[in-house]
Amino acid sequence: MDSTQKPKARRTVKRGNNEGSITQLADGRWQARISIDGRRKAFYGATRAEAAAKLNAALRDRDRGLPVFEERQTVAQYVASWLEAIRPTVRPSTWKRYRDLMTLHALPTLGKSPLARLSAQQVQALYSVKLGEGLSPTTVHHLHAVLHKALTRAERLGLVPRNVCTLVDAPRMAERELRVLDRAQARQLLDAVRGERLEALYVLAVTTGMRQGELLALRWRDVDLANGALQVRATLQYTRDRGYFLGAPKTKQSQRRIKLGELAVESLRQHRARQVAERLELGAAWEDRDLVFPNAVGKPMDGMNLLHYHFLPLLKRAGLPRIRFHDLRHTAATLMLAQGINPKIVSERLGHASISITLDLYSHVLPDMQDQAAAAIDAALGM
């Protein structure tokens, strides 16, 4: 027989409809073939049993909705396209967090796997490895959330038969103990910063619970001192290509109006007068962006500089425990709740997406509120 000719089949064993066929070739090998949606796939084995096993595996994949034909897109390729697709729809800081979680933790292990054949077992093993490497349960939980989000879109596009993350047990987030200042400590902080350039920043942080990014993005056009209120319209964000810029607040609820107390209004009046003097002294060197809390030349203030060169030294000078700037937000919330302010109002001032977030975060304050409520009922009934 000419070596260029294909070996002729010696024997064919037909199976049921859509179940494929098994043929022994002239060279002794066995060939199993299946046809799905007009496409044909062949499997080969040294024995009939080996070819049949491959055929049966393909049929099982077909019945489970898995691809029978080789799909070349890997997890890494899909994630890259997914990240680009969602980039215009999320905040830059959120996109960067998604990218870092995937590229640093998921893709080194899962990246080369065919997307359509990614299994729950692979994902579960990834989480176990990461926990074993010392990654915190909270970070692995976030990794699971991002991978779940990516595979949900892949399922919607028909690239995978199912989202395998729904079959995986993700570790629970570690409960973080909130570190807040009590009433006396909050007064210590404000006493220590009195008369300084950023006094109003800390007054607003403690009395309104605004996020750091919201404070640093606040513009004078959004402050109404006459009526004692301000409007949160933006948050300060940073990316390597754009630098600092004002972006949309974290959620729809974050765009909110906050009523100011006398302490906040007076501190802002003094702050504005101090800022006008700074502008006159600097002259053309001042870059006017209408920011309430800019750096020394009017540009957006770097959050890390605020932390290391002002906030942490302020805590040390005031004799207060080392906390995060974000803990001033928690401090404001607990002070309001401890004063008996309705949790719904507290939630609105903080810009939480729902009151359940407020109640979950600050449940430690609620037992005292229960005592106050019981006493108030007794007083109302003359007991």
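1. A residue is called buried when its relative accessible area is under 20%, exposed when that area is over 50%, and partly exposed in between, with a 1.4 Å probe and protein chains only. By this scale Val129, with a relative accessible area of 42%, is partly exposed. Val129 has its place in helix H4, residues 120-132, where helices (H or I, at least four residues) and strands (E, at least two) are DSSP runs numbered from the N terminus. Between Val129 and His105 there are 10.0 Å in space, C-alpha to C-alpha, although the two are 24 residues apart in sequence.

2. A word on the basis of these points: this is a predicted model, in which local features need pLDDT of at least 70 and side-chain atom pairs count only at pLDDT 80 or more, while totals for chains, interfaces and linings use all residues. Residues are numbered from 1 along each chain as its sequence is written, and side-chain values use heavy atoms, with hydrogens and water left out.

3. A nonpolar core is a set of buried Ala, Val, Leu, Ile, Met, Phe, Trp, Tyr and Cys residues joined through side-chain atoms within 4.5 Å. The largest such core has 43 residues, and those with the most contacts inside it are Tyr202, Leu268, Phe293 and Leu328. Two or more residues each are given to this core by helices H6 (183-192), H7 (199-208), H8 (212-217), H9 (262-282) and H10 (303-318), and H7 supplies the largest share, 7 residues. Apart from this core lies another, of 31 residues, which includes Trp82, Ala120, Val146 and Ala150.

4. Contact means heavy atoms within 4.5 Å. When neighbours within four places in sequence are left aside, Leu328 is in contact with Leu181, Leu189, Tyr202, Ala205, Val206, Phe311 and Ile323.

5. Arg219 is found in the loop between H8 and strand S5 (223-224). Which is Arg219, buried or exposed? Arg219 counts as buried, because its relative accessibility is 17%. Leaving aside its neighbours within four places in sequence, Arg219 touches, by the contact criterion, Arg233, Leu246, Arg289, Asp290, Leu291 and Val292. Asp290, for its part, is placed in the loop between H9 and H10, and the phi of Asp290 is near 70°, a positive value in a residue other than glycine.

6. The contact of H6 with H10 is made by Gln188, Leu189 and Ala192 of H6 together with Leu314, Leu315, Arg317 and Ala318 of H10.
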